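Here are my notes on the model, point by point. Please read them beside the coordinates.

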Amino acid sequence: MQDIKPPPVVLVFAGLDPTGGAGLSADIEAIISQGCHAAPIATALTVQDTRDVIRVGQVDALLVVEQARALLEDMPVAAIKLGMLGSAAMVEAIHTILRDYPQIPVVLDPVLRAGGGTELADEELIDAMRELLIPQATILTPNSEEARRLAPDADNLHACALSLLEQGSEYVLITGTHEPTPEVENLLFGGHRLLETFSWPRLAESFHGSGCTLASAIAGLLAQGHEPMTAIHQAQDYTWQALEQAYRLGRGQMIPNRLFWTGGEDDVLDEEGSGRAMLH
């Protein structure tokens, strides 16, 4: 039997979205697209469609801890991605896991509100996230609205990012989809300063699971051994292409086409780096 090198493993904590557009399904597709193996753990069960979240069902935090420890003791996890967590108790439980594995890079997508507007995080959860998870994050990926909620005393996005860096995150990538700019501007901060501004053509539609896609792609690229700056660059390109080729399955937001690269030869980057996607 041929000796096949296994792909890097990304451990994912996120909610289960039955539409397949966001949450664990989105994470798995984005992680696979970076050539990695996803090990998914559900932190919440949701009733939702492509328009909004209708109800959230809690998952036992102890069960989540038991699942995570079983995986971490069995598999060589190379990165961890955190998405929707559902409760302060879940934040506290995951904190105990991250504390015991400080060498594994962590990408934190602070999911606080559904695309349709339903609140997914109360103040207790947000406080727990600030205290327990942001200090352990390698890369924090809030959208502009989430950044303002996580740093409410800041008077602009730059100040929000600096506050989040002071809270302990190594890098902060604030996505600008919600801002009234002609193009989408994503702001990357690290080392107490703005490192880079990324500009992307603004697409006409809204998308279900875009934040999950970006954060999981970053996690997959970190798992592959890329430095954070490289992972952040490449994950944004992958995410924009997934959004640009999105499709409509329901009556609400578009679903990102995270597997667009399976469409044929023209969808894969050539040696010069042009084309549709970078696969690892």
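1. Leu 133 touches Leu 82, Leu 85, Val 91, Ile 94, His 95, Leu 98, Leu 108 and Ala 128, leaving aside residues up to four places away in sequence. Contact here means heavy atoms within 4.5 Å.

2. This is a predicted model: local features need pLDDT of at least 70, side-chain atom pairs count only at pLDDT 80 or more, and totals for chains, interfaces and linings use all residues. Numbering starts from 1 along each chain as its sequence is written, and side-chain values use heavy atoms, with hydrogens and water left out.

3. Leu 133 is also one of the residues with the most contacts inside the largest nonpolar core, which has 49 residues. Such a core is a set of buried Ala, Val, Leu, Ile, Met, Phe, Trp, Tyr and Cys residues joined through side-chain atoms within 4.5 Å. Buried means under 20% relative accessible area (1.4 Å probe, protein chains only). Another core, of 32 residues, lies apart from it and includes Trp 200.

4. Nine strands form an open, mixed sheet in the order E3-E2-E1-E4-E5-E6-E7-E8-E9. Strands are DSSP E runs of at least two residues, helices H or I runs of at least four, numbered from the N terminus. Two strands pair if DSSP finds at least two bridges between them. Strands E3 (53–58) and E9 (193–200) each have a single partner strand, so one side of each lacks a neighbour in the sheet.

5. Strands E7 (residues 171–174) and E8 (residues 184–190) run antiparallel, joined by four bridges. Ile 174 stands opposite Leu 187 in E8.

6. Both Tyr 238 and Phe 260 are buried.

Note on methods
Buried means under 20% relative accessible area, exposed over 50%, partly exposed in between (1.4 Å probe, protein chains only).
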